[in-house]
Structures are given as structure tokens and as C-alpha cells.
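Below is a note in numbered points, meant to be read with the structure open alongside. Please check each point against the coordinates.

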Amino acid sequence: MVTLAEVAQHAGVSASTVSYVLSGKRSISSTTRQRVEESIRTLGYHPNAGARALASSRSNIIALMIPLRTDIYVPVMMEIAVAVATTARTHGYDVLLLTGEEGPDAVRRVTGSGLADAMILMDVQLDDERLPLLRDTHQPSALIGLPADPSGLTCVDLDFRAAGALCLGHLAALGHRDIAVIGEAPAVYERHTGFAERTLEGLRGRARELGLRLLHRPCEGGYDAMAVTLARIFDERPGTTGFVVQNESAVEPLLALLRQQGRAVPEDVSVVAICPDQVAVQASVRLTSVAVPAQEMGRRAVEHLVAKLDGRGGDEVVLLAPELTVRASSGPAPAAS
């Protein structure tokens with residue numbers, strides 16, 4: 001293992017100069033800094049993490065609490081996690097992964113032990129029981145999600161309320177008046193998960209403004225659950241011609257069931273989804289959709305957190321504007337309806 005002293009000897013400087021280049025605690029001339037950095041690259045030197053933490057009172061670790069639930073679409077969560085990890089590395093931080101099931105206990109462990117310099121929380125609920133602990137600590141944190149009260153917190157999220165309104169406005173402009181919402185699994189709403197609740201608020205608010213008939217039905221996803229949900233929808237609202245789907249696992253079963261029933265998409269019914277672009281373009285009918293910008297949310301959360309760690313930023317709420325991409329699954333409402 002290459003030592004700091006060997007780097008100093010190779011660069012022709014003192015060990016303290018190498019230390020200052022690594023820590024940034026003192027101003028070093030650009031020529032000397034370049035020479036030291038070249039020696040570090042040439043020798044393959046990696047600072048000892050434990051020694052660096054002792055010297056700087058930092059661990060250079062960001063804790064990420066990620067949900068691993070069966071009722072959450074895991075690929076989106078993992079896409080966010082990868083974006084957090086790669087962005088953190090560009091700033092010299094590693095990521096410690098925690099499972100969301102630990103809840104407040106994990107927050108207490110991290111904030112009380114110095115295990116990490118900061119935390120990022122996902123799967124945020126409207127009245128999340130982890131948030132009082134974050135507000136009571138001086139450790140920087142960021143949420144990928146939006147609670148009911150974001151005061152004193154840094155939050156990054158898609159504007160899901162606007163996303164719901166955008167989907168409904170698109171269908172209304174095509175003449176659809178009876179619209180059904182196929183939502184997440186019931187447990188997601190029982191937890192009052194922020195993204196699902198806010199989407200529903202946007203949908204309902206826009207429906208009232210436009211005088212539309214809106215029916216919301218949670219769904220576990222999968223073919224059998226979707227078959228039951230779809231039957232209920234057409235029993236209650238046989239004139240339904242538009243669907244908004246916020247449940248990636250329900251997309252393909254819905255399209256398959258509509259085909260079996262002889263309902264063509266988009267000639268008889270239109271389908272709009274809030275989902276990752278990959279899900280939308282790989283569906284059996286390319287879906288008109290509002291994309292979930294998973295990578296952007298992860299990157300933004302880390303950037304804001306690093307700014308707070310460096311004393312350059314304060315608490316703020318960043319809501320990414322939704323964008324709707326029209327594809328093959330939406331069209332004018334059938335004249336008979």
C-alpha cells in the first residue's frame with residue numbers, strides 16, 4: 001500500500017503539503033497541487049478512510065434509506081439509488097444503504113453515531129414519522145419526496161400534483177369525460193405515501209375544474225388483480241373511455257385485458273401513464289406518459305445535500321415540472337360515448 005510519505009517523496013514536497021492538498025485546508029500553489037495530484041495518480045495512492053475521518057471529523061459517507069417493499073416498483077427506486085451513488089462519488093462521498101423498514105430507528109442510529117455525514121430519505125409519507133428526528137438534528141439531510149409539511153427540510157421530487165392534472169387535461173382535450181384512475185396498491189395509500197396522494201389530489205382537482213367524472217381504484221398489479229379492478233370499473237362506469245395509470249405493474253395486464261374485451265387502444269379507450277419512459281416505450285402499445293425522472297431526482301438530492309455539507313446551501317423544496325409525451329395510446333374519445 002502506497003503511503004502519504006511516499007507520495008510526498010515522489011512529488012518532492014513535505015508530507016504536510018500532500019495532506020493540505022488532500023484536505024483543502026490550506027491554499028497551495030497550482031503548480032505544487034498539480035505535482036502532488038500527478039504523484040497520487042502515478043503511485044495509485046488512496047487515503048486511509050479511517051485516518052481521513054479522524055482528521056476531518058467526517059466519514060465522507062451519505063446514508064440512503066431506500067424502500068424495499070413489494071407494493072413499490074423497485075426498478076424506479078434502484079434507478080434513483082444508482083443516481084445517488086454515482087453523483088455522490090463525483091463529490092468524494094460513498095453511500096451507505098439502509099432499508100426503509102427500519103424507519104425512525106435507522107435515523108436515530110445514523111444521526112447518533114456519526115456513521116454518516118448526511119442522510120437521504122426515500123418513500124416519504126405525508127406525515128412521515130422520521131421527519132421530527134431529522135428536524136431535531138444538525139446533520140444535513142434531504143428527502144426524495146414531499147411530506148405534508150416540508151418546512152425545515154430539503155425536498156426534491158417530481159411535482160406529482162401537476163403530473164396528475166396534466167394527464168387529465170390531456171384526456172379532457174381529446175373529449176374524454178368518464179376517466180378511471182388505476183392507482184398503486186392499497187397499502188401505498190394506507191401509508192399516505194406522498195407521491196401517490198399528491199397525484200390523486202392533482203387528478204381530482206383538475207376533474208372538478210373541467211367537470212369530468214373521475215373514478216379512482218387502487219390495484220395490486222398483476223393480471224388477476226387487474227382483471228378484478230377493470231371489471232369493477234366498467235360495472236360502475238360503463239361509459240369509461242380514458243384511463244390514467246400510476247402503477248407500472250398494472251400497465252401490461254390492463255392493455256392485455258382491454259384487447260381481450262375487444263376494446264381497441266386508442267380507438268375505443270385511451271391510456272395515459274405516470275411511469276418511467278422505459279415502461280412507456282416497451283409496452284405493447286407505446287404509452288402516452290408523464291415520465292418519472294428518477295435519475296434527475298437522485299442527482300439533484302445529492303447536489304443539494306453536498307451544498308449543505310459545504311455550507312453553501314439551505315433548506316428548499318425543488319419540484320421538477322412534469323412533461324407529457326404523446327404516443328400511440330391516446331386519441332379522441334369515440335363519438336358514441
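1. A nonpolar patch here joins side chains of Val, Leu, Ile, Met, Phe, Trp or Tyr within 5 Å, from residues with over 30% relative accessible area and no salt bridge. The structure is a predicted model. In it, Leu-68, Val-74 and Met-78 make up a nonpolar surface patch of about 230 Å². Met-78 belongs to helix α5 and is partly exposed, its relative accessible area being 36%.

2. Overall layout. The protein chain contains 14 helices and 12 strands. Along the principal axes, its C-alpha atoms fill a box of roughly 85 × 40 × 35 Å. Of the 337 residues, 50% are buried. The chain exposes about 15,400 Å², with carbon and sulfur atoms supplying 51% of that area. Among contacts with a separation of 6 or more, 71% involve residues 24 or more positions apart.

3. Helix α14. This helix covers residues 294-309, 16 residues in total, and reaches 23 Å from its first C-alpha to its last, close to the expected 22 Å. Its buried residues include Ala-294, Met-297, Gly-298, Ala-301 and Val-302. Further along, His-304, Leu-305, Val-306, Ala-307, Lys-308 and Leu-309 are buried too. After the helix comes Gly-311, with a positive phi near 75°.

4. Leu-98. This residue lies in strand β2, residues 94-99. Is Leu-98 buried or exposed? Its relative accessibility is 4%, so Leu-98 counts as buried, the cut-off being under 20%. Leaving aside residues up to four places away in sequence, Leu-98 touches Ala-63, Leu-64, Met-65, Ile-66, Ala-106, Arg-109, Val-110 and Met-119. For Ile-66, the C-alpha to C-alpha distance to Leu-98 is 6.2 Å, although the two are 32 residues apart in sequence.

5. The six-stranded sheet. An open sheet of 6 strands runs in the order β7-β6-β8-β9-β10-β12, with mixed pairing. β7 (213-218) and β12 (324-325) are at the edges with a single partner strand each, so one side of each has no neighbour in the sheet. β10, residues 288-291, pairs with β12 in the antiparallel sense over 2 bridges. Within this pairing, Val-290 is opposite Leu-324 in β12.

6. The loop between α12 and β9. Two residues of this loop deserve a look. The peptide bond from Val-265 to Pro-266 is cis, with omega near 10°, and Pro-266 lies in this loop. Gly-262 is also placed between α12 (248-260) and β9 (270-275); at 57% relative accessibility, Gly-262 counts as exposed. The C-alpha atom of Gly-262 is 75 Å from that of Glu-6, 256 residues away along the chain.

7. Most residues other than glycine have a negative phi, and most peptide bonds are trans. Asp-123 has a positive phi, near 55°, and sits in the loop between β3 and α7. With a relative accessibility of 10%, Asp-123 counts as buried. His-192 likewise has a positive phi near 55°, in the loop between α9 and α10. His-192 counts as partly exposed, at 43%.

8. Salt bridges. How many salt bridges does the structure hold? There are 15. Side chains of opposite charge can pair when their charged atoms come close. In helix α3, Glu-38 and Arg-41 are 3 residues apart, about one helical turn, and form a salt bridge whose closest N and O atoms are 3.0 Å apart. Glu-38 is partly exposed at 41%, and Arg-41 is exposed at 58%. In helix α6, Asp-105 and Arg-108 are also 3 residues apart, and their side chains meet at 3.0 Å, N to O. Asp-105 counts as exposed at 53%, while Arg-108 is partly exposed at 46%.

9. Glu-236 forms a salt bridge with Arg-232, the closest N and O atoms being 4.0 Å apart. Both lie in helix α11, 4 residues apart, about one turn of the helix. Both also count as partly exposed, Glu-236 at 36% and Arg-232 at 44%. Together with Arg-217, these residues are linked in a network of salt bridges.

Note on methods:
Residues numbered from 1 in each chain as written. Predicted model: local features only at pLDDT ≥ 70, side-chain atom pairs only at ≥ 80, totals over all residues. Heavy atoms only, no water. Expected span 1.5 Å × (residues − 1). Buried < 20%, exposed > 50% of the residue type's maximum accessible area, 1.4 Å probe, protein only. Contact = heavy atoms within 4.5 Å. Patch = residues over 30% accessible without salt bridge, like charges linked within 9 Å, V, L, I, M, F, W, Y side chains within 5 Å. Areas by Shrake-Rupley, 256 points an atom, 1.4 Å probe, with all protein chains shown as cover. Pairing = 2+ DSSP bridges.
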